[in-house]
Amino acid sequence: MLSVWLADPAQAQKFGYVDTEFIFSKMPDYQKALTEVDKFTEKWSKDIQDKYLEIDKLHKAYQAEEILLTEDMKRERQRIISEKEQEARAYNNKVFGYEGLLFQKKKELMKGPMELVNRAIEKVAAQKKLDFVFDKASDFVMLYTNPRHDYTDYVMEELGLETDNKANRTTAAGTVNQPSSGTGTSPGNASNRITTKPK
């Protein structure tokens, strides 16, 4: 039974992992995309804030003048305020809701850098004859990673990025705000990278 188990083809499969969060933290194109996302977020947030400021002014004006208004005038004012509130909520949901404008803009801006990284990973996997490549920065929980399986530097070299000596890497990649396109990330553990490159 032991000899059969050792002969299992699955045992010959070769795998590795990369830290895309660290890679993205070193990519100028990705950082530029993040800056653009922040600009759109700030603009849309201000638009929504302005809408609610207008509603607040309408509320205050109504309260100040309510005693002077006829019932018809009151109903009209209340209708206008109610419509403005509905518009503000709808716009907020349109921008920041599920797959809203912000999500779509992130997806658009991050597409280029992410495709570059994916192509680099595929090329490294082919060169190193890897059957599986895991992402250390993904939602997939990696309780332990042997540094000898870390192919992050190879991917960075493929992208033309300067590679840090693994012994000197810090958790700076943890400061990267990865797109919320539905993919969560967790900071890479620099201590697990203290090794030489896998072959």
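Predicted model: local features only at pLDDT ≥ 70, side-chain atom pairs only at ≥ 80, totals over all residues.
**Entry 1**

I number residues from 1 along each chain as its sequence is written, and side-chain values use heavy atoms, with hydrogens and water left out.

Next I looked up the secondary structure, and found six helices and two strands in the chain. These are DSSP runs numbered from the N terminus, with helices being H or I of at least four residues and strands being E of at least two. Read from the N terminus, the order is α-β-α-α-α-α-β-α.

**Entry 1: surface**

How much of the chain counts as buried? I get 31% of the 199 residues. Here buried means under 20% relative accessible area, exposed means over 50%, and partly exposed is in between (1.4 Å probe, protein chains only). The accessible surface of the chain is about 12,900 Å², and carbon and sulfur atoms hold 54% of that. Those areas come from the Shrake-Rupley method with a 1.4 Å probe; for residues, only the protein chains shown count as cover.

I searched the whole structure for salt bridges (a side-chain nitrogen of Lys or Arg within 4 Å of a carboxyl oxygen of Asp or Glu) and found 12.

One of them joins D50 to K46, with the closest N and O atoms 3.1 Å apart. Both residues sit in helix α3 (residues 28-65), four residues apart, or about one turn of the helix. D50 is partly exposed at 33% relative accessibility, and K46 is partly exposed at 47%.

Helix α3 also holds K60 and D56, again four residues apart and about one turn of the helix. Their side chains meet in a salt bridge at 3.3 Å, N to O. Is K60 buried or exposed? I find K60 exposed, at 52% relative accessible area, whereas D56 is partly exposed at 35%.

**Entry 2: helix α4**

Then I moved to R79 and E83, whose side chains form a salt bridge at 2.6 Å, N to O. The two are four residues apart in helix α4 (residues 71-96), so about one helical turn separates them. R79 is partly exposed at 38%, and E83 is partly exposed at 37%. I also noted a network of salt bridges here, linking E76, R79 and E83.
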